[in-house]
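Subject: Structure handover and findings

Hello,

Here is the structure we talked about. Please keep it open while you read the notes below.

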Amino acid sequence: MASRDATDEEAASRPGGRPRDAALDEAIILATRARLVRDGYSLMTIGDIASDAKVSRPTLYRRWRTKFDLVVDALDYGFRKQRDSYTVDLSRMAPREAFTEAVRRLDPAYFNPDAMVLMGNFAGEAIRTPELLEIVREHAVEPRVALVENVLTQLQASGAVRDGIDKHTIATLCFGSYFAAFHRGDDKDGIPAAVVAVLWPSIATPPA
């Protein structure tokens, strides 16, 4: 075991080498995301991830020095994939439709159906690994709620939404609706339209 650990440490510290294989990197990232769902951060191991991705531990360590670094990239991978899946330009939509689509993109499971389980696992690490929850906020929460706030700002500029509304609280309420639906066992598909139906009359600029 000692020689195995030494090999891993040597691989982690050795710079340079052949160019990284993007397909291999993605296989490791996907294996990490799957392990996060099944085992959670504390229980998952580098050895399990390497085995799942069908790579050696030194191969993995040449790319990521620690489990934490790997998880950070795995989180960022998911949000980038979600962002790349957006195909509708909100600026070309009618105001209420744009707001509805922004609320739809708040869904943690928009790209990954296991995202709610992941979020629960990360919340469970708040005491053991508090820095992990900060990474989740940075990579998975703030970009989503910021999207809603930005859309509301644009709708204010166009005159479709009233000035003086609390955009932060509105975005937070919309985000929280997905967690409430998950815990209540409700269907999440109807959340955007239902939430906007409640909020829109109170934020939209009244007709002249």
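A residue is called buried when its relative accessible area is under 20%, exposed when over 50%, and partly exposed in between, using a 1.4 Å probe and protein chains only. By that rule, 43% of the 208 residues of the protein chain are buried.

This is a predicted model, in which local features need pLDDT of at least 70, side-chain atom pairs count only at pLDDT 80 or more, and totals for chains, interfaces and linings use all residues. Residues are numbered from 1 along each chain as its sequence is written, and side-chain values use heavy atoms, with hydrogens and water left out.

Overall layout

The protein chain has ten helices and zero strands. Helices (H or I, at least four residues) and strands (E, at least two) are DSSP runs, numbered from the N terminus. In sequence order the pattern reads α-α-α-α-α-α-α-α-α-α. Along the principal axes, the C-alpha atoms fill a box of roughly 75 × 35 × 25 Å. Contact means heavy atoms within 4.5 Å. Among contacts with a separation of 6 or more, 70% join residues 24 or more positions apart.

H7 and H8

Two packed helices are described by the angle between their axes and the distance between the axes. For H7 and H8 the angle is about 145° and the axes are 9 Å apart. Axes here are lines fitted to C-alpha atoms, for helices over the stretch in contact, and angles run from 0 to 180 degrees between N-to-C directions. The crossing is left-handed, a term used if the near helix is turned anticlockwise from the far one by less than a right angle (right-handed if clockwise).

Which residues make this contact? From H7 they are Met 119, Phe 122 and Ala 123, and from H8 they are Leu 132, Leu 133, Val 136, Ala 140, Val 141 and Arg 144. By class, the residues of this contact are eight nonpolar, no polar and one charged. Ala, Val, Leu, Ile, Met, Phe, Trp, Tyr, Cys and Pro count as nonpolar, Asp, Glu, Lys and Arg as charged, and the others, Gly among them, as polar.

Empty space

Rolling a probe the size of a water molecule over the atoms shows where empty space is left. On a 1 Å grid over the protein atoms alone, a cavity is a set of points where a 1.4 Å probe fits but cannot get out; a pocket is an open set with protein on both sides within 12 Å along at least five of seven lines; lining residues have an atom within 4 Å of a point. Grid points are joined across faces, edges and corners, and a volume is the space filled by probe spheres set on the points.

The structure holds one cavity of 30 Å³ or more. The largest cavity has a volume of about 160 Å³. Its lining has 15 residues, and Arg 33, Pro 108, Ala 115, Ala 140 and Arg 144 are the closest to its centre. Helix H5 (67-84), H7 and H8 each give at least two residues to that lining, which divides into ten nonpolar, three polar and two charged residues.

The second largest pocket has a volume of about 190 Å³. It is lined by 13 residues, with Met 119, Gly 120, Ala 123, Leu 133 and Phe 179 nearest its centre. Helices H7 (115-124), H8 (130-157) and H9 (167-184) each give two or more residues to the lining, and H7 gives the largest share, five residues.

Single residues

Leu 70 lies in helix H5 and is buried, at 0% relative accessibility. Beyond its neighbours within four places in sequence, Leu 70 is in contact with Ile 28, Ile 29, Thr 32, Ile 46, Ile 49, Leu 60 and Trp 64.

Not counting residues up to four places away in sequence, His 139 touches Val 72, Leu 75, Asp 76 and Phe 79.

Most residues other than glycine have a negative phi. Lys 54 has a positive phi of about 60° although it is not a glycine. Lys 54 sits in the loop between helix H3 (46-53) and helix H4 (57-63) and is exposed, with a relative accessible area of 74%.

Regards
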